[in-house]
Structures are given as C-alpha cells and as structure tokens.
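Thanks for coming. I will go through one structure today, starting with a question about its strands.

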Amino acid sequence: MEVIILRDANEIGAIGADAIAALLARKPEAVLGLATGSSPLAIYDDLNRRYETGLISFGQARGFTLDEYVGLPADHPQRYRNVIDEVFVSKVDFAAGAVQGPDGLAADIPAACIEYEAAIDNAGGIDLQILGIGTDGHLAFNEPGSSLGSRTRIKTLTRQTRSDNARFFGGDIAAVPTHCLTQGLATIMGARHLILVATGRGKAEAVHQLVEGPISALWPATILQLHPHVTVLLDEAAARRLQRVDYYRETYCSKPEWQGI
Ligand code: GLP
C-alpha cells in the first residue's frame, strides 16, 4: 500500500487523473471503477478539464459505479447514477451505455446483484477503481461488520452513514434511504489497481485504521491491506493520525521516477 500525503485537493486530483490518463494511454478500452461522494470530485474535475482540452478520451472506456441507494426515483438528483453522470460521465465522451451502476429500483434485487457481478466479469474486470472512505471505515456502502468476502448485495445503512450523507438530502436524515446496493469487499478487491482518496480530519481515524490497523470487519477498508496495488491519496488533515507518517513522506519523496503510482 502506497500512502501519498499531498497539499490539497488539486494535487490529489492531478495525481489521480495522471494515473487514469496513463492507463487509458496504454489501454484505451480500460474499465474504470467510479465512486461517488465528495472525495473523488477533484479527480473528476481534473479529468473533465483534460477532456475539454483534448488531452484524454473515454470513447472506448467503460465504467462501473460502486453502489446505489435502494428506492430513490430514477430522476432523483442524489441517485448515484445521476450524481456520477452530472459530475463526470456526461462531461466527457463515454459511449452511451458504457457506464453502469447497480439497479436500486430492480424488482428482483438479488438477481440484479448477480447480474451486476456478471457484467463486471464480462467486461474483463475493473482495471482501476477510485474509492472514498466513510468516517466509520466503510468502503462503497460496505458498513462495519460486512463480510470481508462479500459481493454485490443489499445492505442496511448505519445511522452514522445516513447522518454523514444527510447533507446531500437537505440535512434531513429521514430523507436518506435506509438501504443500498453495493459492490462487496471481494468485488472491490478484484480490481487491478485501487486509488483511495480521503481528505479532512473527519477521515483521520478511518485512514489510520485502513493503513495501520488490524484487518477487521469492524473497519471494512482494512481489507485493502491484502491487495497488492493500492494507492492512498491524502491531505494533511486526513493523515494526521498516521503513526508512520515520516516514512510515507520519505518513500514518496525518494520514489524512482519510472515507478508511477
Ligand atoms: C458514501 C459512499 C462511499 C463514499 C463515502 C464517503 O457513503 N457510498 O462510496 O466513499 O460516502 O463520501 P465522501 O467522499 O463524500 O466523504
């Protein structure tokens, strides 16, 4: 796991976007894993700018989102499918239908989850997955206690997550759905490269557990310690609880140029 501590969201956005640009340069038909939430926005903003200036194309790429609320109407602005369209997908040149998400309105939810896993497999798996992290260490919507071997399924959101996300629903926790569909932790672990972004002091404890804590379902993101290629992009505030912070800084400063992230 590589931990990179950066000055601000702009630097985080540039490094994340560089990794996606490098991937698309060597594999234009790459499969991207797209996360919602505020953390990845700097990466999407940077990619949108690169697209506008003709530096990058997503014309052959495909995408899969991580998770979705159950039951939000198709036109609800907080439906993750609509959120990712608004902040990224509609601003670049993905082909129609190239980005899919779990169907939170499916009549048969277990079948929809199996189909989603199959769609990811049929696309050849995810090359690069962008991730945020919840204040309680959740990944996608894999709340504490999630099976470390889980696959796409329905989950009940914790009160903490509903309260964290109430800001997107006019501050009203009652308006936040109680259930979601989410890629499982094993689904996420199947991606070939994971880039996790965390900013702000509210994420500091979750980041400490993710990088330095014991692997435990209590902090679901700790499963990433078992993945061979994880990059964690942090600002100073999110890094403030890390015990080995000097080593992470030294490692990044002395990194060979050819290595990339
Ligand atoms: C939600 C999403 C997660 C995201 C988390 C943190 O719960 N399902 O994918 O990582 O929020 O969001 P933010 O980046 O806005 O802090």
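Which residue of β10 does Ile4 stand opposite? Ile4 faces Leu233. Before going further, a note on the source: this is a predicted model, in which local features need pLDDT of at least 70 and side-chain atom pairs count only at pLDDT 80 or more, while totals for chains, interfaces and linings use all residues. Residues are numbered from 1 along each chain as its sequence is written, and side-chain values use heavy atoms, with hydrogens and water left out.

Back to the strands. Strand β1 covers residues 2-6, and β10 covers residues 230-235. The two run parallel and are joined by five bridges; strands count as paired if DSSP finds at least two bridges between them.

Strand β1 is mostly covered, with five of its five residues buried. Buried here means under 20% relative accessible area, with a 1.4 Å probe and protein chains only. Val3 and Ile5 point one way from β1, and Glu2, Ile4 and Leu6 point the other way.

Next, the open sheet. Three strands form it, in the order β4-β8-β7, with antiparallel pairing. At the edges are β4 (67-69) and β7, each of which pairs on one side only. From one strand to the next, the twist averages 30°, taking axes as lines fitted to C-alpha atoms and angles from 0 to 180 degrees between N-to-C directions. Four bridges join β7 to β8, residues 179-182. Within β8, His179 is the residue opposite Thr156.

Now the annotated residues. An unreviewed UniProt entry marks Asp67, Asp136, His138 and Glu143 as "active site". UniProt positions are in the numbering used here, feature names are shortened, and annotations may be inferred rather than shown by experiment.

Where do Asp136 and His138 sit? Asp136 is in the loop between β6 (128-131) and β7 (153-156), and His138 is also found in the loop between β6 and β7.

Are they buried or exposed? Asp136 has a relative accessible area of 13%, so it counts as buried. His138 is buried too, at 8% relative accessibility.

Last, contacts, meaning heavy atoms within 4.5 Å. Leaving aside neighbours within four places in sequence, Asp136 touches residues including Glu143, Thr158, Gln160 and Trp219. On the same terms, the contacts of His138 include Gly132, Ile133, Glu143 and Pro220.

Conventions. Buried < 20%, exposed > 50% of the residue type's maximum accessible area, 1.4 Å probe, protein only.
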